[in-house]
Amino acid sequence: RSKVLRELHHYDAALADCDRALSLNHNCANALNNRGIILVKLQRFDEALADYSRAISVSPNYADAFNNRGIVLQTQNQINKALINYNTAIKLNPNQAKFLYNRGIALNKLSRFNEALADYDKALTIDPDYTDALYNRGNAKQKLRKFDESLADYNKAIATKPGHVDAHWNKSLQLLLLGDFESGWPLYEWRWKRKQLTSPARNFKQPLWLGNENLNGKCILLHWEQGLGDTIQFSRYAKEISKLGCKVILEVQKPLITLMEEIHGVDMLIEEGSELPQFDFHCPLMSLPLALKTTLKNIPNEIAYLKSNKEKLEEWSTRLGKKIVPRVGIVWNGNSAHKNDANRSISLQKMIEGIPKTYDLISLQTEVRKNDILTLRQATHMQHFGKKIDNYLRYYAVLL
């Protein structure tokens, strides 16, 4: 009964049934494994791990328990330990597609893409309609720059499961990467269906504008989404929207307010969380390329659409001193909490070892991680200001 209750998402009741079963037989491996699954649904991962381990101690050949323990370890980012458990599960039952698929995911995270491909291939041999295996095989092929094969897998996944959000999403990213904007930007709208999206869709009574309605004489709200860099990148479209004869309100994150004060095409700049004025339409910043039918030939490319003010330029000119050799501003770490931080950040040592010492390096890094402190102290050809770079306007002034 606990399995039925679990399928119905009645997790507390399902857990109670498992506890009753275990009170009658505390060495019931199936009950322990099932309780572990329920505890994962309740995000009680350490307890789940304990139950899977007990199930394995009771039944050392319990392949499902090894697989499930691997899933939890992977959730906790203990990828190598997860891999050991998947290996055992596959050794015990080599014809279980989900075991091969899960090991493929772990190998993918370890950037062992060719090995991941082999596991996805085996999983799909066992179950040709395994949609997630098709999708993740496409991801591995994308990493290996096998773009045609990757697109084929995304298309197969979508054909098998038309509502597969991530297959649509990753297909859009690949098309954009390849410069196929006409196909990529429409698919990019699938981002709103993703559970992992950092900024969910906004609900306004005013209609979403994606380029169809006439904006002449109207007022449109362009609002931020996702990261600060995305706002900086796509704010260039404000000027293009203003050319349509409308009033433009731009809403941005607090750290960007000063930087955006003089951006072209904006009639009113609003800080996130502030009360919004009246407007007729709205559009997220990253939907503007779709709305304006952006291609490689018509990307807005006005140079220096952002600028620093005179006072900040003078302040930093004094602080930096006379420029004798070219200056290079560098940042080597992003947000350590970002799930893809390993691919977005590098060590300071790796960053500077490839830059000739004939340049005057300016550290634009405000937060320095412990493993970079010694390198920073030894880098005599680099100036570091840390917290003195307290907003993006100063950041820009340093670059100038």
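This note sets out numbered points on the predicted model shown above.

1. Basis of the values. In this predicted model, local features need pLDDT of at least 70 and side-chain atom pairs count only at pLDDT 80 or more, whereas totals for chains, interfaces and linings use all residues. Residues are numbered from 1 along each chain as its sequence is written, and side-chain values use heavy atoms, with hydrogens and water left out.

2. Overall description. The protein chain comprises 20 helices and 7 strands, taken as DSSP runs numbered from the N terminus (helices: H or I, at least four residues; strands: E, at least two). Its C-alpha trace spans about 75 × 60 × 40 Å along the principal axes. Of the 400 residues, 45% count as buried (buried means under 20% relative accessible area, exposed over 50%, partly exposed in between; 1.4 Å probe, protein chains only). Where contacts (heavy atoms within 4.5 Å) join residues at least 6 apart in sequence, 59% of them link residues at least 24 apart.

3. Nonpolar cores. A core here is a set of buried Ala, Val, Leu, Ile, Met, Phe, Trp, Tyr and Cys residues joined through side-chain atoms within 4.5 Å. The largest has 46 residues, and Ala-55, Tyr-101, Tyr-120 and Tyr-130 touch the most other members. Helix H7 (residues 97-109) gives the most to this core, with 7 residues. Apart from it lies another core of 33 residues, including Ile-220, Leu-250, Leu-285 and Leu-288.

4. Helices H8 and H9. The axes of H8 (residues 113-126) and H9 come within 9 Å and cross at roughly 155°; axes are lines fitted to C-alpha atoms, for helices over the stretch in contact, and angles run from 0 to 180 degrees between N-to-C directions. The two helices are therefore roughly antiparallel (over 145 degrees; under 35 is roughly parallel, 65 to 115 roughly perpendicular, the rest oblique). From H8, Phe-113, Leu-117, Tyr-120, Asp-121 and Leu-124 meet Ala-133, Leu-134, Asn-136, Arg-137, Ala-140, Lys-141 and Lys-143 of H9. By class, this contact has 7 nonpolar, 1 polar and 4 charged residues (Ala, Val, Leu, Ile, Met, Phe, Trp, Tyr, Cys and Pro are nonpolar; Asp, Glu, Lys and Arg charged; the others, Gly among them, polar).

5. Tyr-120 and Asp-153. Leaving aside neighbours within four places in sequence, Tyr-120 is in contact with Tyr-101, Gly-104, Ile-105, Asn-108, Ala-133, Asn-136, Arg-137 and Ala-140. Asp-153 is found in helix H10 (residues 147-160) and counts as buried because its relative accessibility is 1%. With the same exclusion of neighbours within four places, the contacts of Asp-153 are Leu-134, Arg-137, Gly-138 and Lys-141.

6. Helices H9 and H11. The axes of H9 (residues 131-143) and H11 (residues 165-177) come within 10 Å and cross at roughly 20°, so the pair is roughly parallel. Tyr-135, Asn-139 and Gln-142 of H9 meet Asp-166, Ala-167, Asn-170 and Gln-174 of H11. This contact has 2 nonpolar, 4 polar and 1 charged residues.

7. Backbone points to inspect. Most residues other than glycine have a negative phi. Asn-77 has a positive phi near 65°, is found in the loop between helix H5 (63-75) and helix H6 (79-92), and is exposed at 61% relative accessible area.
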